[in-house]
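This report examines the pockets of a protein model and the ligand that accompanies it. Please consult the sequence and the structure while reading.

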Amino acid sequence: MSAVPDIRIPNDLLPKDGRFGSGPSKIPPDAISALVEYAPTYLGTSHRKKTVIDVIARLRREMADLFALPDGYEVILGNGGSTAFWDVATFGLIDHRSQHCSFGEFSAKFANAVSKAPFLEAPSVKESEPGTHPLPEVEAGVDLYALTQNETSTGVRMPIARPDGTASSDSLVAVDATSAAAAMRIDASQFDCYYFAPQKALASDGGLWFALMSPAAVSRAARIASGDRYVPPSLDLSIAIENSRNDTTYNTPALVTLSLTLHQIETVLAAGGLEWAAKRCEESSDLLYQWAEKSDFATPFVTDPAKRSTTTTTIDFESAVSADTVAAVLRSNGVVDTESYRKLGRNQLRIACYPAIEPSDVEALTTCIDHVVGQLA
Ligand SMILES: *Cc1c(COP(=O)(O)O)cnc(C)c1O
């Protein structure tokens, strides 16, 4: 790799916080101070005792509140992040056959995990070009529709709605919301399982998954668990449900992650809830898309404004300007993780606009990029 050009960005142009990664993402300093204060009586204590149980109980209650979950919906959690949850769903939520909207690295990975399961039929996979999204199509024999509210790898968001005609059927809608949860609007009546890891839109650390589950999803999980399919206990959704109902987890959870997630949920609730968070992400991402549209070297990668992510923005550069070089110069100035998703292979920056990121810092970032590109010319 060639040397990074020695460009110093003037201090007064720099954002206050230089973390723009899509995940792990910026954890606000006040969340860390709160954790440090709480740590002596919390970290290093038993997850089977009241202190930790109370944190999980609050998390479950406040998530139900934040997402306006209808009666009967439950907040379930377990270890292993969203990737583990794909295996959990493969074992414990899909009856025979799933359909996947596959439009980037993450949505494709779930479809791929399912396709290897010997006890399931080959999944139906709807694909579209990077930068766009397919829509689910009602199909006989499909008992779970897998959607992704925000495809983190490409910066495409999709509307979350039950496919036409399935509202009164037994099929379930499962939504990967890892880079959308607590940052984009969502109508709980449109899903049966809304799952996420908290190190992206939720400004926490990795290692856990959360799933907001409808009564239909909970009873599907119970029915599959009572059948004769072999399920490894650590991936058994019915065991996770049983433990979550007691505000605990099957095995030891990441206590730091739990606490930081709770802090962010409470921050969003105190600031005005999901609507506040959604507006803040819109403000930040609008700044970027409008800057790119005016720029003579940058353009939004996603051409349809309705599909442009409000949490993970992707900005293409014209070939004369190397996005990798710009990202490297930014990094050498303490502004990190603006590189595009590596496997997408475009001349592109990807910039997170999660609720924990200040819109004023996003604005400062656009000034920094202009400065760097000016110096490179
Ligand atoms: C990051 C990401 C995942 C994977 O999350 P892990 O916690 O690392 O397993 C899955 N889905 C989406 C949409 C993501 O952005």
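## The largest pocket

Helix α3 provides the largest share of the lining of the largest pocket, namely three residues. The elements that contribute two or more residues to this lining are α3 (81–92) and α4 (105–115). Helices here are DSSP runs of H or I with at least four residues, numbered from the N terminus. The model is predicted, so that local features need pLDDT of at least 70 and side-chain atom pairs count only at pLDDT 80 or more, while totals for chains, interfaces and linings use all residues. Residues are numbered from 1 along each chain as its sequence is written, and side-chain values use heavy atoms, with hydrogens and water left out.

The largest pocket holds about 420 Å³ of space, a volume being the space filled by probe spheres set on grid points that are joined across faces, edges and corners. A pocket is an open set of points on a 1 Å grid over the protein atoms alone, where a 1.4 Å probe fits and protein lies on both sides within 12 Å along at least five of seven lines; lining residues have an atom within 4 Å of a point. Of the 25 lining residues, Gly-23, Phe-106, Lys-200, Tyr-341 and Arg-350 lie nearest the centre of the largest pocket. The lining comprises five nonpolar, twelve polar and eight charged residues. In this scheme Ala, Val, Leu, Ile, Met, Phe, Trp, Tyr, Cys and Pro are nonpolar, Asp, Glu, Lys and Arg are charged, and the others, including Gly, are polar.

## The ligand

Which side chains have a polar atom at 2.5 Å or 2.6 Å from the ligand? In Thr-83, a side-chain N or O atom is 2.5 Å from an oxygen atom of the ligand, and in Asp-176 a polar side-chain atom is 2.6 Å from a ligand nitrogen atom. For Gln-199, the distance from a side-chain N or O atom to a ligand oxygen atom is 2.9 Å.

## The second largest pocket

The second largest pocket has a volume of about 190 Å³. Its lining has 13 residues, and Gln-149, Arg-157, Met-158, Met-184 and Arg-185 are the closest to its centre.

Conventions. Polar contact = N/O pair within 3.5 Å; in protein donor to acceptor, adjacent residues only side chain to side chain.
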